[in-house]
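The points are grouped by topic for reference beside the sequence and the coordinates.

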Amino acid sequence: MSKMNLDGFFSYCKQIAEHIQLGERMAALSGQGTPKLTSSVGNLYYDSILPYREDAGPQTREFLARVVDVLLDFVQQVNDRNEKILDFKMPADLQKQLDLELRDEPLPLKTLLEDCKVALKYQVKTGHPHFFNQLSCGLDIISLAGEWLTAAANTNMFTYEIAPVFILMENVVLKKMRDMIGWTTGDSILAPGGSISNLYAFLAARHHKFPQYKEKGLSSIPGQLVMFTSDQCHYSVKSCASVCGLGTDYCVVVKSDERGRMLPAELERLVRLHKDKGNVPFFVNATSGTTVLGAFDPLVEIADICEKYNMWMHVDAAWGGGLLFSKKYRHPRLTGIERADSVTWNPHKLMGTLLQCSTVHFKYEGILLSCNAMDAEYLFMTDKIYDPRYDTGDKVIQCGRHNDIFKLWLQWRGKGTSGFERHMDRLMELSEYMVRRIKEQPDKFRLILEPEMVNVSFWYLPKQQRNQPHDEQKLGKVCAKLKGKMMQAGTIMVGYQPDDRRPNFFRNIISSAAVTEKDVDFLLSEMDRLGQDIIVD
Ligand SMILES: *Cc1c(COP(=O)(O)O)cnc(C)c1O
């Protein structure tokens, strides 16, 4: 081959490669439905629509309507059992598929519409009926509508002045939630997640016991503060000890029983131990619905101990709080919650409210303002024409606060309290169904414990492990391999993790209203299809 020919051949190869790449991109895009802008709008730039051009109402509407079409296509796909949950790519490959560059020059509206389609193409469909991976899943349509409205209203929740309707909604919803806990009075706030809600509880507890702390700081505390929580608690509880100056050594871990429930006798023993050392036990976190096993700490016993030693009782019901709706499942799990001083409860988990929606409640009226107020004069003037108690901004350690209430309020209106109760009972029934199906296939699946909630913990046994002595180490290794296969196949997602008693195991979560019995059956059979030939050593 002459040099000329070789160069020509290389350039031909390059052309083909570019063609294939382009083809892949086009295929990727065309798979995403057809919403298209007319060329007269598609070629416009940001400064040819509202608010830059007052007369561009129709063009603005067309652009937004096509974006909404893209969203509606996505909602449809999320609910289509024939669609995959994800199209998994390794980070470097995904980077190549996407044009994420921020340029000096503006891009036209048609490119932005394509960007929206591509962003959703590689997004995991967390509302898909075969997604069992997370505590927050499902795509509640009414709550979604609420979130869209929230984005359009684009307001800050710190003053009544700029969010009058939403502030009143917060008052109504939070009071209703406190009623359900069993309190006739109190204080509440929506926080950015359960972890921050737990932090708010910690701060309020310290303020309640040591009101001087706010001004005088550490010197007002008569000794080493100690907090207590079970070995199954959410890690954010430990983080309070680190963030608030106790040190994680003084977040004392209390043993749990074999089903993951705090042992009250152990709690009392450790409280005494620290008292004898001259430390100051002041805060106990009880978990209602632990993150991994879904266990409920015994609240009545813990409340007795808190009373006896004058400690603040916080209940982290971020996960299990939703069961307060259910007459059938509330007791005995949450019996005694009314004796707590504070409660964290995330509607974005069991209740299916869109992310993010987390609440924290206190038994004491006015405690948040007393604890957190800094009296910023530019926002919280006391000579306003309305009662300044409607301004919520000074109750929190943030300044601005996102509107997380409207989507919950609208969802609650839509479902009614009875609808939430039905939702809870249904999720629990489906979990019971799953436990039954697992027990019916003992050669393929092994249930780890009888769940108290919708967390179902189990191992999968590939052919190699059937009719063999039970080997937890090997079954643990199966988890990572099978999860890898699920991601590659894109057909189901279930989480796995180890805990301090055992190596890796699967933790299935049913908290999506999309799931039915046939999806549970699909899940188990798909795990078996993907996993039966796995070999571990
Ligand atoms: C999820 C969870 C949290 C944390 O909530 P985020 O909203 O993710 O911050 C806290 N506690 C428990 C028990 C949880 O399950």
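**Briefing: salt bridges, ligand shell and selected elements**

Arg-53 has a relative accessible area of 39% and is therefore classed as partly exposed, since that class lies between the 20% and 50% limits. Arg-53 is the partner of Asp-55 in a salt bridge, in which the closest N and O atoms are 3.3 Å apart. The model is a predicted one, and a search of the whole structure finds 34 salt bridges.

**Salt bridges**

- Asp-55, the acidic partner of Arg-53, is exposed, with a relative accessible area of 52%.
- Glu-266 and Arg-269 form a salt bridge whose closest N and O atoms are 3.0 Å apart.
- These two residues, Glu-266 and Arg-269, are three residues apart in helix H11 (residues 264-276), and about one helical turn therefore separates them.
- An α-helix has 3.6 residues a turn, so residues three or four places apart point the same way.
- Glu-266 counts as buried, at 18% relative accessibility, because the limit for that class is under 20%; Arg-269 counts as partly exposed, at 43%.
- A salt bridge also joins Lys-463 to Asp-533, with 3.5 Å between the closest N and O atoms.
- This pair links distant parts of the chain, 70 residues apart: Lys-463 belongs to the loop between strand S10 (455-460) and helix H15 (472-489), and Asp-533 to the segment after H16.
- Lys-463 is partly exposed, with a relative accessible area of 46%, whereas Asp-533 is exposed, with a value of 58%.
- Salt bridges link Lys-36, Glu-114 and Lys-117 in a network.

**Ligand surroundings**

- There are 15 residues around the ligand, and those that come nearest are Gly-194, Ser-195, Thr-291, Asp-316 and Lys-349.
- Ser-195 places a polar side-chain atom 2.8 Å from an oxygen atom of the ligand.
- Thr-291 has a side-chain N or O atom 3.0 Å from an oxygen atom of the ligand.
- Asp-316 has a polar side-chain atom 2.6 Å from a nitrogen atom of the ligand.
- On its own the ligand has 390 Å² of accessible area, of which the protein covers 86%.
- Helix H8 (residues 194-209) supplies three residues, the largest share of the shell around the ligand.
- By class, ten residues of this shell are polar, three are nonpolar and two are charged.

**Helix H16**

- Helix H16 spans residues 517-531 and has 15 residues.
- From the first C-alpha of H16 to the last the reach is 21 Å, close to the 21 Å expected at 1.5 Å a residue.

**Arg-507 in strand S12**

- Arg-507 is found in strand S12 (residues 505-509).
- With a relative accessible area of 8%, Arg-507 is buried.
- Arg-507 and Asn-133 are 374 residues apart along the chain, yet their C-alpha atoms are separated by 8.0 Å.

Notes:
Residues are numbered from 1 along each chain as its sequence is written. This is a predicted model: local features need pLDDT of at least 70, side-chain atom pairs count only at pLDDT 80 or more; totals for chains, interfaces and linings use all residues. Side-chain values use heavy atoms; hydrogens and water are left out. A residue is near a molecule or strand if one of its heavy atoms lies within 4 Å of it. A polar contact is a pair of N or O atoms within 3.5 Å; within protein, one must be able to donate a hydrogen and the other to accept it, and residues adjacent in sequence count only if both atoms are side-chain atoms. Accessible areas come from the Shrake-Rupley method with a 1.4 Å probe; for residues, only the protein chains shown count as cover. Helices (H or I, at least four residues) and strands (E, at least two) are DSSP runs, numbered from the N terminus. Ala, Val, Leu, Ile, Met, Phe, Trp, Tyr, Cys and Pro count as nonpolar, Asp, Glu, Lys and Arg as charged, and the others, Gly among them, as polar. The expected span of a helix is 1.5 Å times one less than its number of residues. A salt bridge is a side-chain nitrogen of Lys or Arg within 4 Å of a carboxyl oxygen of Asp or Glu. Buried means under 20% relative accessible area, exposed over 50%, partly exposed in between (1.4 Å probe, protein chains only).
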